[in-house]
Amino acid sequence: MTQNNTIDRRTFLLGTAATLAASASPRVLGLASGDSAPADVIVVGAGLAGLAAALTLEAGGASTLVLEAQRRVGGKMLTFSKVPGLPEAGGQSIGAGYGRLIAAANQFGVKLVDVLPGQMKHRDVALILDGQVVSREAWATSPRNPFPGELHKLMPWEYAPMVFGRSNPLQRPEGWYEPANAALDTSVHEFLRSKGATEEMIALAYNTNTSYGTSAHDVSALQMFFIESWGRVQRQIQPQYVYKAADGNQRIPEAMARALKGTLRLDAAVRAVDSADSGVTVTLASGERLRAKAVVLALPYSVTRQLAITPLLKGVQAEAIQTLGHQPITQFALVSRKPFWKQDGIEPSMWSDGLLARSFAHREGDEVISILVTAYGNKATILDRLGREGAAQRIIAEFEAARPAAKGQLRVVAQHSWSMDPWAAGDWAIFAPGTVTRFMPAMYAPHGRIHFCGEQTAIGNRGMEGAMESGERAAIEALDVL
Ligand SMILES: Cc1cc2nc3c(=O)[nH]c(=O)nc-3n(C[C@H](O)[C@H](O)[C@H](O)COP(=O)(O)OP(=O)(O)OC[C@H]3O[C@@H](n4cnc5c(N)ncnc54)[C@H](O)[C@@H]3O)c2cc1C
(Lines give C-alpha, C1' and ligand atoms only; values in the text may rest on other atoms or scores of the structure.)
Protein backbone atom coordinates (compact mmCIF):
# COMPACT_ATOMS: atom_id res chain seq x y z
CA MET A 1 0.00 0.00 0.00
CA THR A 2 1.34 3.42 -0.82
CA GLN A 3 0.55 6.81 0.53
CA ASN A 4 1.56 10.23 -0.62
CA ASN A 5 3.60 11.25 2.38
CA THR A 6 4.89 14.56 1.08
CA ILE A 7 4.34 17.15 3.81
CA ASP A 8 5.37 20.69 3.08
CA ARG A 9 7.71 22.24 5.60
CA ARG A 10 5.20 24.70 7.01
CA THR A 11 2.59 21.99 7.58
CA PHE A 12 5.25 19.95 9.31
CA LEU A 13 6.42 22.75 11.58
CA LEU A 14 3.06 24.29 12.38
CA GLY A 15 0.79 21.51 11.22
CA THR A 16 -2.14 19.94 12.94
CA ALA A 17 -3.21 16.37 13.29
CA ALA A 18 -6.48 17.47 11.73
CA THR A 19 -4.68 18.77 8.62
CA LEU A 20 -2.87 15.51 8.18
CA ALA A 21 -5.88 13.39 8.99
CA ALA A 22 -7.88 15.26 6.38
CA SER A 23 -5.16 14.79 3.76
CA ALA A 24 -4.89 11.04 4.34
CA SER A 25 -7.47 9.21 2.27
CA PRO A 26 -9.33 6.48 4.21
CA ARG A 27 -8.61 2.96 3.06
CA VAL A 28 -9.54 -0.54 4.10
CA LEU A 29 -6.76 -3.01 4.58
CA GLY A 30 -7.20 -6.72 4.22
CA LEU A 31 -5.18 -9.12 6.33
CA ALA A 32 -3.52 -11.94 4.44
CA SER A 33 -5.41 -15.21 4.86
CA GLY A 34 -4.16 -17.21 7.84
CA ASP A 35 -2.71 -14.05 9.39
CA SER A 36 -3.52 -13.98 13.09
CA ALA A 37 -2.63 -10.31 13.46
CA PRO A 38 -5.07 -8.38 15.68
CA ALA A 39 -4.39 -5.16 13.72
CA ASP A 40 -2.43 -3.84 10.77
CA VAL A 41 -0.08 -1.88 12.99
CA ILE A 42 0.87 -2.33 16.63
CA VAL A 43 1.81 0.91 18.36
CA VAL A 44 3.94 0.47 21.47
CA GLY A 45 3.53 3.27 24.01
CA ALA A 46 0.48 5.47 24.65
CA GLY A 47 2.26 8.77 25.24
CA LEU A 48 1.54 11.67 22.90
CA ALA A 49 3.77 10.20 20.16
CA GLY A 50 2.09 6.79 20.23
CA LEU A 51 -1.42 8.23 20.36
CA ALA A 52 -0.69 10.68 17.52
CA ALA A 53 0.75 7.77 15.51
CA ALA A 54 -2.29 5.57 16.15
CA LEU A 55 -4.78 8.34 15.27
CA THR A 56 -2.86 9.18 12.08
CA LEU A 57 -2.71 5.49 11.13
CA GLU A 58 -6.44 5.17 11.66
CA ALA A 59 -7.07 8.33 9.64
CA GLY A 60 -5.07 6.63 6.89
CA GLY A 61 -7.31 3.55 7.03
CA ALA A 62 -5.08 1.20 9.01
CA SER A 63 -6.34 -0.73 12.00
CA THR A 64 -4.30 -0.32 15.18
CA LEU A 65 -3.59 -2.00 18.47
CA VAL A 66 -1.93 0.24 21.08
CA LEU A 67 0.07 -1.47 23.82
CA GLU A 68 0.85 0.57 26.95
CA ALA A 69 2.96 -0.72 29.84
CA GLN A 70 1.26 1.34 32.52
CA ARG A 71 -2.32 1.38 33.78
CA ARG A 72 -2.72 4.88 32.43
CA VAL A 73 -2.03 6.63 29.13
CA GLY A 74 -0.03 9.82 28.65
CA GLY A 75 3.52 8.82 29.61
CA LYS A 76 5.27 12.11 30.38
CA MET A 77 1.91 13.88 30.48
CA LEU A 78 1.21 13.46 34.18
CA THR A 79 -0.89 15.90 36.19
CA PHE A 80 -0.69 15.93 39.99
CA SER A 81 -4.48 15.79 39.91
CA LYS A 82 -5.05 15.87 43.68
CA VAL A 83 -2.83 18.89 44.30
CA PRO A 84 -4.39 22.39 44.34
CA GLY A 85 -3.61 24.23 41.10
CA LEU A 86 -3.10 20.91 39.28
CA PRO A 87 0.67 21.23 38.87
CA GLU A 88 2.12 19.19 36.04
CA ALA A 89 4.77 16.57 36.80
CA GLY A 90 5.33 16.33 33.06
CA GLY A 91 4.50 18.37 29.95
CA GLN A 92 3.47 21.84 31.12
CA SER A 93 3.33 24.80 28.77
CA ILE A 94 1.50 24.62 25.46
CA GLY A 95 2.92 27.39 23.30
CA ALA A 96 1.20 29.36 20.57
CA GLY A 97 2.77 27.19 17.86
CA TYR A 98 1.64 23.85 19.23
CA GLY A 99 -0.69 23.31 16.26
CA ARG A 100 -1.10 19.56 16.62
CA LEU A 101 -1.62 19.50 20.37
CA ILE A 102 -4.06 22.41 20.35
CA ALA A 103 -5.97 20.80 17.46
CA ALA A 104 -6.16 17.51 19.37
CA ALA A 105 -7.44 19.26 22.50
CA ASN A 106 -10.06 21.14 20.47
CA GLN A 107 -11.09 18.11 18.43
CA PHE A 108 -11.46 15.83 21.44
CA GLY A 109 -13.17 18.30 23.75
CA VAL A 110 -10.39 19.24 26.19
CA LYS A 111 -10.76 22.80 27.46
CA LEU A 112 -7.60 24.91 27.29
CA VAL A 113 -6.97 28.04 29.35
CA ASP A 114 -4.43 30.78 28.73
CA VAL A 115 -2.04 30.99 31.69
CA LEU A 116 0.24 33.65 30.16
CA PRO A 117 -1.41 36.69 31.84
CA GLY A 118 -0.95 35.07 35.28
CA GLN A 119 2.66 34.16 34.48
CA MET A 120 3.43 37.71 33.34
CA LYS A 121 1.89 39.15 36.51
CA HIS A 122 3.92 36.96 38.87
CA ARG A 123 7.36 36.80 37.29
CA ASP A 124 9.52 37.36 40.37
CA VAL A 125 11.89 34.60 41.40
CA ALA A 126 13.86 34.70 44.65
CA LEU A 127 17.56 33.82 44.51
CA ILE A 128 18.83 31.40 47.18
CA LEU A 129 22.61 31.03 47.51
CA ASP A 130 24.31 28.99 50.23
CA GLY A 131 20.91 28.56 51.85
CA GLN A 132 20.26 32.33 52.10
CA VAL A 133 17.85 34.56 50.22
CA VAL A 134 19.77 37.15 48.15
CA SER A 135 17.82 40.14 46.88
CA ARG A 136 18.33 41.53 43.35
CA GLU A 137 20.02 44.61 44.81
CA ALA A 138 22.34 42.55 47.03
CA TRP A 139 23.16 40.22 44.13
CA ALA A 140 24.51 43.06 41.98
CA THR A 141 27.29 43.65 44.53
CA SER A 142 27.64 40.11 45.89
CA PRO A 143 31.16 38.58 45.93
CA ARG A 144 29.57 35.45 44.43
CA ASN A 145 28.43 37.39 41.36
CA PRO A 146 30.80 36.27 38.56
CA PHE A 147 29.36 38.45 35.79
CA PRO A 148 31.56 41.31 34.52
CA GLY A 149 30.57 44.95 33.96
CA GLU A 150 26.96 45.60 33.07
CA LEU A 151 26.19 41.87 33.23
CA HIS A 152 26.45 42.19 37.01
CA LYS A 153 22.76 43.05 37.01
CA LEU A 154 21.78 39.70 35.51
CA MET A 155 20.33 37.04 37.74
CA PRO A 156 22.11 33.66 37.30
CA TRP A 157 19.25 32.12 35.29
CA GLU A 158 19.17 35.05 32.86
CA TYR A 159 22.71 34.72 31.52
CA ALA A 160 22.69 31.55 29.35
CA PRO A 161 19.37 32.33 27.59
CA MET A 162 20.71 35.82 26.86
CA VAL A 163 23.91 34.48 25.25
CA PHE A 164 22.02 31.86 23.23
CA GLY A 165 19.52 34.52 22.14
CA ARG A 166 22.17 37.01 21.07
CA SER A 167 24.72 34.66 19.54
CA ASN A 168 22.72 31.81 18.05
CA PRO A 169 24.33 31.07 14.67
CA LEU A 170 21.19 29.19 13.52
CA GLN A 171 18.99 31.68 11.72
CA ARG A 172 16.07 29.27 11.57
CA PRO A 173 15.31 25.99 13.34
CA GLU A 174 14.84 24.09 10.05
CA GLY A 175 17.53 21.60 9.22
CA TRP A 176 19.31 22.15 12.56
CA TYR A 177 20.57 18.56 12.62
CA GLU A 178 21.96 18.50 9.06
CA PRO A 179 25.67 17.67 8.45
CA ALA A 180 26.28 21.24 7.28
CA ASN A 181 25.92 22.27 10.96
CA ALA A 182 28.52 19.77 12.25
CA ALA A 183 30.89 22.60 13.21
CA LEU A 184 28.24 23.86 15.65
CA ASP A 185 27.83 20.42 17.22
CA THR A 186 30.31 21.18 20.01
CA SER A 187 29.68 21.41 23.74
CA VAL A 188 27.70 24.20 25.36
CA HIS A 189 30.82 24.74 27.48
CA GLU A 190 32.94 25.39 24.39
CA PHE A 191 30.30 27.75 22.99
CA LEU A 192 29.91 29.76 26.21
CA ARG A 193 33.68 30.02 26.61
CA SER A 194 33.92 31.32 23.03
CA LYS A 195 31.47 34.04 24.02
CA GLY A 196 33.61 35.18 26.93
CA ALA A 197 32.10 33.18 29.81
CA THR A 198 34.52 32.24 32.58
CA GLU A 199 34.42 28.84 34.33
CA GLU A 200 32.75 30.53 37.32
CA MET A 201 30.06 32.04 35.11
CA ILE A 202 29.34 28.67 33.45
CA ALA A 203 29.32 26.85 36.78
CA LEU A 204 26.73 29.20 38.23
CA ALA A 205 24.69 30.20 35.20
CA TYR A 206 24.52 26.89 33.33
CA ASN A 207 25.55 23.97 35.52
CA THR A 208 23.65 24.87 38.70
CA ASN A 209 20.11 24.22 37.52
CA THR A 210 20.29 23.13 33.93
CA SER A 211 17.40 21.35 32.29
CA TYR A 212 19.75 20.18 29.52
CA GLY A 213 22.50 17.82 30.63
CA THR A 214 24.21 17.62 33.97
CA SER A 215 26.77 20.25 32.96
CA ALA A 216 27.70 22.39 29.96
CA HIS A 217 30.19 19.68 28.95
CA ASP A 218 27.68 16.97 28.16
CA VAL A 219 25.19 18.69 25.88
CA SER A 220 25.60 19.80 22.29
CA ALA A 221 25.41 23.55 21.66
CA LEU A 222 23.60 22.65 18.42
CA GLN A 223 20.71 21.18 20.40
CA MET A 224 20.52 24.42 22.40
CA PHE A 225 20.66 26.52 19.20
CA PHE A 226 17.70 24.55 17.86
CA ILE A 227 15.78 25.01 21.12
CA GLU A 228 16.49 28.74 21.14
CA SER A 229 15.55 29.32 17.50
CA TRP A 230 12.43 27.13 17.82
CA GLY A 231 11.44 29.10 20.93
CA ARG A 232 11.93 32.34 19.01
CA VAL A 233 9.57 31.11 16.27
CA GLN A 234 7.03 30.21 18.97
CA ARG A 235 7.25 33.67 20.51
CA GLN A 236 6.76 35.39 17.14
CA ILE A 237 3.35 33.78 16.64
CA GLN A 238 0.49 36.19 17.29
CA PRO A 239 -1.59 36.30 19.37
CA GLN A 240 0.76 35.03 22.07
CA TYR A 241 -0.56 32.69 24.73
CA VAL A 242 0.52 29.79 26.89
CA TYR A 243 -2.15 27.16 27.24
CA LYS A 244 -2.75 24.55 29.86
CA ALA A 245 -5.66 22.13 29.93
CA ALA A 246 -8.19 23.40 32.48
CA ASP A 247 -8.37 20.01 34.24
CA GLY A 248 -4.70 19.14 33.74
CA ASN A 249 -2.67 18.38 30.62
CA GLN A 250 -2.99 14.63 31.18
CA ARG A 251 -6.60 15.00 30.01
CA ILE A 252 -5.32 15.58 26.43
CA PRO A 253 -3.77 12.11 25.88
CA GLU A 254 -6.71 10.58 27.74
CA ALA A 255 -9.12 12.21 25.28
CA MET A 256 -6.94 11.12 22.34
CA ALA A 257 -7.01 7.55 23.63
CA ARG A 258 -10.81 7.62 23.86
CA ALA A 259 -10.95 8.67 20.20
CA LEU A 260 -9.06 5.58 19.00
CA LYS A 261 -11.08 3.16 16.91
CA GLY A 262 -8.71 0.29 17.61
CA THR A 263 -7.97 -1.49 20.87
CA LEU A 264 -5.84 0.05 23.60
CA ARG A 265 -4.37 -2.43 26.03
CA LEU A 266 -3.07 -1.07 29.33
CA ASP A 267 -0.71 -3.02 31.58
CA ALA A 268 0.78 -4.51 28.43
CA ALA A 269 4.56 -4.01 28.58
CA VAL A 270 6.42 -5.08 25.46
CA ARG A 271 9.77 -6.81 25.82
CA ALA A 272 10.70 -7.95 22.29
CA VAL A 273 10.04 -6.99 18.69
CA ASP A 274 11.00 -9.02 15.64
CA SER A 275 10.70 -7.76 12.08
CA ALA A 276 10.59 -10.16 9.13
CA ASP A 277 9.58 -9.78 5.49
CA SER A 278 6.19 -11.28 6.32
CA GLY A 279 5.42 -8.95 9.24
CA VAL A 280 6.35 -8.19 12.84
CA THR A 281 6.04 -10.21 16.02
CA VAL A 282 5.66 -8.28 19.26
CA THR A 283 6.24 -10.14 22.52
CA LEU A 284 4.76 -8.87 25.77
CA ALA A 285 6.41 -9.22 29.17
CA SER A 286 3.76 -11.88 29.88
CA GLY A 287 5.12 -13.95 26.96
CA GLU A 288 2.06 -13.33 24.76
CA ARG A 289 3.00 -12.91 21.10
CA LEU A 290 1.13 -10.64 18.71
CA ARG A 291 1.58 -10.25 14.96
CA ALA A 292 1.03 -7.27 12.70
CA LYS A 293 2.18 -5.86 9.39
CA ALA A 294 4.26 -3.16 11.07
CA VAL A 295 5.07 -1.80 14.51
CA VAL A 296 5.57 1.76 15.70
CA LEU A 297 7.82 2.03 18.76
CA ALA A 298 6.65 5.26 20.41
CA LEU A 299 9.07 5.09 23.33
CA PRO A 300 11.94 7.18 24.63
CA TYR A 301 15.27 5.60 23.68
CA SER A 302 16.00 5.17 27.40
CA VAL A 303 13.40 2.34 27.34
CA THR A 304 13.63 1.34 23.66
CA ARG A 305 17.16 0.16 24.45
CA GLN A 306 15.76 -2.36 26.92
CA LEU A 307 13.76 -4.18 24.23
CA ALA A 308 15.11 -7.22 22.39
CA ILE A 309 14.94 -6.04 18.79
CA THR A 310 15.65 -8.47 15.96
CA PRO A 311 17.29 -8.31 13.51
CA LEU A 312 19.85 -6.47 15.63
CA LEU A 313 20.11 -2.75 15.07
CA LYS A 314 23.31 -1.66 13.44
CA GLY A 315 25.77 1.22 13.20
CA VAL A 316 24.82 4.74 14.20
CA GLN A 317 21.20 3.79 14.88
CA ALA A 318 22.25 1.10 17.37
CA GLU A 319 24.69 3.51 19.01
CA ALA A 320 22.08 6.27 19.25
CA ILE A 321 19.40 4.05 20.76
CA GLN A 322 21.89 2.65 23.27
CA THR A 323 23.53 5.91 24.30
CA LEU A 324 21.24 8.93 23.76
CA GLY A 325 20.97 10.83 27.03
CA HIS A 326 17.66 11.47 28.81
CA GLN A 327 17.51 14.27 31.37
CA PRO A 328 17.14 13.35 35.06
CA ILE A 329 14.25 15.37 36.57
CA THR A 330 12.50 14.92 39.91
CA GLN A 331 9.41 16.90 40.93
CA PHE A 332 7.80 17.62 44.30
CA ALA A 333 4.43 19.28 44.89
CA LEU A 334 4.14 21.07 48.25
CA VAL A 335 1.34 22.77 50.10
CA SER A 336 1.75 25.13 53.02
CA ARG A 337 -0.50 25.42 56.08
CA LYS A 338 0.14 29.15 56.35
CA PRO A 339 1.23 31.65 53.69
CA PHE A 340 4.85 31.97 54.92
CA TRP A 341 5.64 34.17 51.90
CA LYS A 342 3.36 36.83 53.37
CA GLN A 343 5.26 36.61 56.65
CA ASP A 344 8.78 36.95 55.17
CA GLY A 345 7.65 39.04 52.19
CA ILE A 346 9.63 36.93 49.70
CA GLU A 347 8.31 35.35 46.51
CA PRO A 348 7.74 31.56 46.88
CA SER A 349 9.11 30.91 43.37
CA MET A 350 12.83 30.36 43.83
CA TRP A 351 16.11 29.52 42.10
CA SER A 352 18.54 27.86 44.48
CA ASP A 353 22.09 26.55 44.25
CA GLY A 354 21.07 23.82 46.71
CA LEU A 355 18.98 20.69 46.14
CA LEU A 356 15.86 22.85 46.22
CA ALA A 357 16.86 23.83 42.66
CA ARG A 358 13.80 25.62 41.25
CA SER A 359 10.40 26.18 42.77
CA PHE A 360 7.33 27.58 41.10
CA ALA A 361 4.26 28.91 42.90
CA HIS A 362 0.85 27.87 41.54
CA ARG A 363 -1.82 30.48 42.09
CA GLU A 364 -5.56 30.80 42.03
CA GLY A 365 -5.97 34.44 41.09
CA ASP A 366 -3.24 36.05 43.20
CA GLU A 367 -3.28 33.46 45.99
CA VAL A 368 -0.52 30.83 46.11
CA ILE A 369 -2.16 27.41 46.46
CA SER A 370 0.75 25.01 45.90
CA ILE A 371 4.44 25.03 45.07
CA LEU A 372 6.16 22.78 42.52
CA VAL A 373 9.84 22.06 43.15
CA THR A 374 11.85 20.75 40.20
CA ALA A 375 15.36 19.33 40.52
CA TYR A 376 17.40 18.69 37.38
CA GLY A 377 20.49 16.69 36.47
CA ASN A 378 22.78 15.65 39.31
CA LYS A 379 20.49 17.22 41.92
CA ALA A 380 17.64 15.00 40.77
CA THR A 381 19.93 11.97 40.93
CA ILE A 382 21.07 12.82 44.47
CA LEU A 383 17.46 13.23 45.62
CA ASP A 384 16.45 9.96 43.91
CA ARG A 385 19.12 8.13 45.88
CA LEU A 386 17.63 9.39 49.15
CA GLY A 387 14.42 7.46 48.43
CA ARG A 388 10.95 9.03 48.26
CA GLU A 389 10.63 9.78 51.97
CA GLY A 390 14.25 10.92 52.36
CA ALA A 391 14.02 13.19 49.31
CA ALA A 392 10.77 14.78 50.52
CA GLN A 393 12.31 15.45 53.96
CA ARG A 394 15.40 16.95 52.36
CA ILE A 395 13.36 19.32 50.18
CA ILE A 396 11.42 20.55 53.21
CA ALA A 397 14.63 20.93 55.24
CA GLU A 398 16.23 23.05 52.49
CA PHE A 399 13.07 25.13 52.18
CA GLU A 400 12.94 25.77 55.94
CA ALA A 401 16.65 26.63 56.10
CA ALA A 402 16.27 29.27 53.38
CA ARG A 403 12.86 30.48 54.56
CA PRO A 404 12.56 30.19 58.38
CA ALA A 405 8.97 31.46 58.11
CA ALA A 406 8.14 28.16 56.35
CA LYS A 407 9.19 26.08 59.40
CA GLY A 408 6.58 23.43 60.18
CA GLN A 409 4.28 24.69 57.44
CA LEU A 410 5.14 22.57 54.42
CA ARG A 411 4.06 19.11 53.30
CA VAL A 412 5.14 17.25 50.16
CA VAL A 413 1.82 16.00 48.80
CA ALA A 414 3.02 14.44 45.53
CA GLN A 415 6.34 13.64 43.90
CA HIS A 416 7.66 11.97 40.76
CA SER A 417 11.12 11.03 39.60
CA TRP A 418 11.36 10.57 35.83
CA SER A 419 14.64 8.68 36.16
CA MET A 420 13.16 6.23 38.66
CA ASP A 421 10.04 5.77 36.52
CA PRO A 422 10.72 2.44 34.78
CA TRP A 423 8.66 3.42 31.73
CA ALA A 424 10.49 6.72 31.22
CA ALA A 425 14.03 6.20 32.63
CA GLY A 426 14.67 9.92 32.35
CA ASP A 427 13.06 12.85 30.65
CA TRP A 428 13.70 14.61 27.33
CA ALA A 429 16.57 13.66 25.05
CA ILE A 430 20.01 15.14 25.60
CA PHE A 431 22.37 15.04 22.62
CA ALA A 432 26.00 14.89 23.65
CA PRO A 433 28.44 17.11 21.71
CA GLY A 434 28.98 15.73 18.21
CA THR A 435 25.96 13.43 18.25
CA VAL A 436 23.27 15.67 16.74
CA THR A 437 24.73 15.62 13.24
CA ARG A 438 25.97 12.04 13.60
CA PHE A 439 22.74 10.48 14.95
CA MET A 440 20.07 12.43 13.07
CA PRO A 441 18.19 11.34 11.03
CA ALA A 442 19.68 7.79 10.96
CA MET A 443 18.62 7.15 14.55
CA TYR A 444 14.94 7.02 13.66
CA ALA A 445 15.17 5.37 10.21
CA PRO A 446 12.76 2.44 9.76
CA HIS A 447 14.36 -0.87 10.66
CA GLY A 448 12.57 -3.41 8.50
CA ARG A 449 8.93 -3.08 9.55
CA ILE A 450 9.81 -1.29 12.79
CA HIS A 451 9.20 2.47 12.88
CA PHE A 452 10.53 4.77 15.62
CA CYS A 453 9.03 7.88 17.12
CA GLY A 454 8.96 9.77 20.40
CA GLU A 455 9.99 13.30 21.36
CA GLN A 456 13.68 12.49 20.82
CA THR A 457 13.11 11.97 17.08
CA ALA A 458 11.31 15.25 16.38
CA ILE A 459 13.02 17.54 13.91
CA GLY A 460 10.69 20.54 13.66
CA ASN A 461 9.33 20.90 17.20
CA ARG A 462 10.19 20.17 20.81
CA GLY A 463 8.52 18.51 23.77
CA MET A 464 4.82 17.71 23.52
CA GLU A 465 4.45 19.10 20.00
CA GLY A 466 7.63 17.28 18.97
CA ALA A 467 6.16 14.01 20.27
CA MET A 468 3.00 14.58 18.19
CA GLU A 469 5.05 15.50 15.09
CA SER A 470 7.17 12.36 15.44
CA GLY A 471 4.12 10.13 15.83
CA GLU A 472 2.62 11.48 12.63
CA ARG A 473 5.88 10.96 10.76
CA ALA A 474 6.23 7.35 11.92
CA ALA A 475 2.58 6.63 11.07
CA ILE A 476 2.99 7.99 7.55
CA GLU A 477 6.13 5.87 7.10
CA ALA A 478 4.24 2.79 8.25
CA LEU A 479 1.25 3.53 5.99
CA ASP A 480 3.69 3.68 3.09
CA VAL A 481 4.84 0.11 3.56
CA LEU A 482 1.59 -1.60 4.56
C1 LIG B 1 8.89 17.79 34.06
C2 LIG B 1 8.54 17.88 32.61
C3 LIG B 1 8.20 19.10 32.06
C4 LIG B 1 7.89 19.21 30.71
N5 LIG B 1 7.51 20.41 30.20
C6 LIG B 1 7.20 20.53 28.91
C7 LIG B 1 6.72 21.75 28.39
O8 LIG B 1 6.53 22.72 29.11
N9 LIG B 1 6.48 21.82 27.06
C10 LIG B 1 6.63 20.76 26.23
O11 LIG B 1 6.38 20.86 25.03
N12 LIG B 1 7.05 19.57 26.71
C13 LIG B 1 7.33 19.43 28.01
N14 LIG B 1 7.74 18.23 28.52
C15 LIG B 1 8.04 17.14 27.57
C16 LIG B 1 6.82 16.36 27.11
O17 LIG B 1 5.99 16.03 28.19
C18 LIG B 1 7.33 15.08 26.44
O19 LIG B 1 8.29 15.43 25.45
C20 LIG B 1 6.27 14.27 25.74
O21 LIG B 1 5.13 14.10 26.56
C22 LIG B 1 6.88 12.92 25.37
O23 LIG B 1 5.93 12.11 24.72
P24 LIG B 1 6.38 10.73 24.07
O25 LIG B 1 5.14 10.10 23.57
O26 LIG B 1 7.50 10.96 23.12
O27 LIG B 1 7.00 9.85 25.25
P28 LIG B 1 6.36 9.33 26.60
O29 LIG B 1 5.40 10.32 27.12
O30 LIG B 1 7.50 8.94 27.46
O31 LIG B 1 5.51 8.04 26.17
C32 LIG B 1 6.04 6.75 26.11
C33 LIG B 1 4.98 5.75 26.56
O34 LIG B 1 5.50 4.44 26.39
C35 LIG B 1 5.16 3.65 27.51
N36 LIG B 1 6.12 2.54 27.60
C37 LIG B 1 7.41 2.58 28.00
N38 LIG B 1 7.98 1.37 27.88
C39 LIG B 1 7.03 0.54 27.37
C40 LIG B 1 7.03 -0.83 27.02
N41 LIG B 1 8.12 -1.61 27.16
N42 LIG B 1 5.88 -1.37 26.54
C43 LIG B 1 4.76 -0.60 26.38
N44 LIG B 1 4.72 0.71 26.71
C45 LIG B 1 5.85 1.28 27.19
C46 LIG B 1 5.25 4.62 28.67
O47 LIG B 1 4.53 4.15 29.78
C48 LIG B 1 4.65 5.87 28.05
O49 LIG B 1 3.25 5.92 28.22
C50 LIG B 1 7.97 18.06 29.88
C51 LIG B 1 8.26 16.82 30.43
C52 LIG B 1 8.52 16.73 31.78
C53 LIG B 1 8.76 15.36 32.37
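How many nonpolar, polar and charged residues are in the shell around the ligand? I started my notebook with that one, and I got 20 nonpolar, 12 polar and six charged. For these classes, Ala, Val, Leu, Ile, Met, Phe, Trp, Tyr, Cys and Pro count as nonpolar, Asp, Glu, Lys and Arg as charged, and the others, Gly among them, as polar.

Ground rules. This is a predicted model, where local features need pLDDT of at least 70, side-chain atom pairs count only at pLDDT 80 or more, and totals for chains, interfaces and linings use all residues. Residues are numbered from 1 along each chain as its sequence is written.

Entry on the ligand. I found 38 residues surrounding the ligand, and the closest are Gly45, Gly47, Gly75, Gly91 and Gly463. A residue is near a molecule if its C-beta atom, placed from the backbone, lies within 6 Å of it. H3, strand S14 (329-336) and helix H18 (463-481) are the elements that give two or more residues to this shell. H18 gives the largest share, four residues. Helices (H or I, at least four residues) and strands (E, at least two) are DSSP runs, numbered from the N terminus.

Entry on the core. I looked up the largest nonpolar core, which has 143 residues. Such a core is a set of buried Ala, Val, Leu, Ile, Met, Phe, Trp, Tyr and Cys residues joined through C-beta atoms within 7 Å. Val41, Ile42, Val44, Ala53, Ala292, Val295 and Val296 touch the most other members. Helix H3 (residues 48-59) supplies the largest share of this core, nine residues.

Entry on H7. Which residues of helix H7 (residues 156-167) are buried? I noted Pro156, Tyr159, Ala160, Val163 and Phe164. Buried means 20 or more other C-beta atoms within 10 Å of a residue's own, exposed 12 or fewer, and partly exposed in between, with C-beta atoms placed from the backbone. The face turned away carries the exposed Met162, Gly165 and Arg166.

Entry on the hairpins. Strand S8 (residues 270-276) runs antiparallel to strand S9 (residues 279-284), with six bridges joining them. Strands pair if DSSP finds at least two bridges between them. The S8 to S9 hairpin goes through two residues, and valine 273 stands opposite valine 282. Between S9 and S10 the hairpin has four residues, and glycine 287 in the turn has a positive phi of about 100°.
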